[in-house]
Amino acid sequence: SEVAKGHMFICGMTRSGKSTFVVNLAINALRSEPKPRIIIIDRRGEYSILSEYGALVFDYRSFLPRPRDIAPDLLAELLADLLGVPAGDKTIREYIARVVSLIRRDMEQGLDVDFTPEALSQYVDILPGRIQEATKERLRLYLDERRLEKLYLLKPSRPYHDIVEVVKEHPVVVLDLSTEPNAIYQQLTVAHVVRRVVSHAIERA
């Protein structure tokens, strides 16, 4: 109960017992009443042992936000990075941002559209204004439907859970980052989880 009232910083050399301490802390939390809520961001998959004591262990991508829940500017940057658009290619990055903005606008107007590989590819041809054909062709290469289908972020059938709802039901939740080493997805997921938890705490307060 004392731990839950403030902050704790645990440090030590390799194999000094940091992880063991955290595991025991979580196990005792599961046995206490009222139960504190613990979310473990597990970089190396070393906390899966907690599943034997009632914790839920998730592939972190279960909490990867849906494209519609990501701010348009950030979504455009993420897509450009995931598709390998060079950081210096401002032209293509700007047009990807325009495609994302058009889809968002149509979604807000009630049209039956979402950030799917098909939509992102099709919206290239309805961009307003004059675009050089060579530029449009390069944009088509990046926003090719088959290429977009390979991005896990855009898979419509992938699982998605709300961290607040999960942790309400299960006191200890482990997000296993070792399942997929994609740094973009890892950072996006952790930022989304932290933002969601903090927003919920502020709303309650």
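Helices (H or I, at least four residues) and strands (E, at least two) are taken as DSSP runs and numbered from the N terminus. The structure is a predicted model, in which local features need pLDDT of at least 70 and side-chain atom pairs count only at pLDDT 80 or more, whereas totals for chains, interfaces and linings use all residues. Residues are numbered from 1 along each chain as its sequence is written, and side-chain values use heavy atoms, with hydrogens and water left out.

On this basis the protein contains eight helices and three strands, arranged from the N terminus in the order α-β-β-α-α-α-α-α-α-β-α. The radius of gyration, taken over C-alpha atoms, is 21 Å, well over the 17 Å that the globule rule (2.2 Å times the number of residues to the power 0.38) gives for 205 residues, so the protein is more spread out than a compact globule. The C-alpha trace spans about 65 × 40 × 30 Å along its principal axes. Among contacts (heavy atoms within 4.5 Å) with a separation of 6 or more, 70% are made by residues 24 or more positions apart.

Strand S3 (residues 172-176) pairs with both other strands, pairing being assigned if DSSP finds at least two bridges between two strands. Strand S1 (residues 38-42) runs parallel to S3 and is joined to S3 by five bridges, with Ile38 opposite Val172. Strand S2 (residues 56-59) is likewise parallel to S3, over four bridges, and Val57 has Val174 of S3 as its bridge partner. Residues are classed as buried under 20% relative accessible area, exposed over 50% and partly exposed in between (1.4 Å probe, protein chains only). Five of the five residues of S3 are buried, so the strand is largely enclosed by the rest of the structure. Val172, Val174 and Asp176 point one way from S3, while Val173 and Leu175 point the other way. Across the protein, 38% of the 205 residues count as buried.

Most residues other than glycine have a negative phi, and most peptide bonds are trans. With a relative accessibility of 83%, Arg15 counts as exposed.
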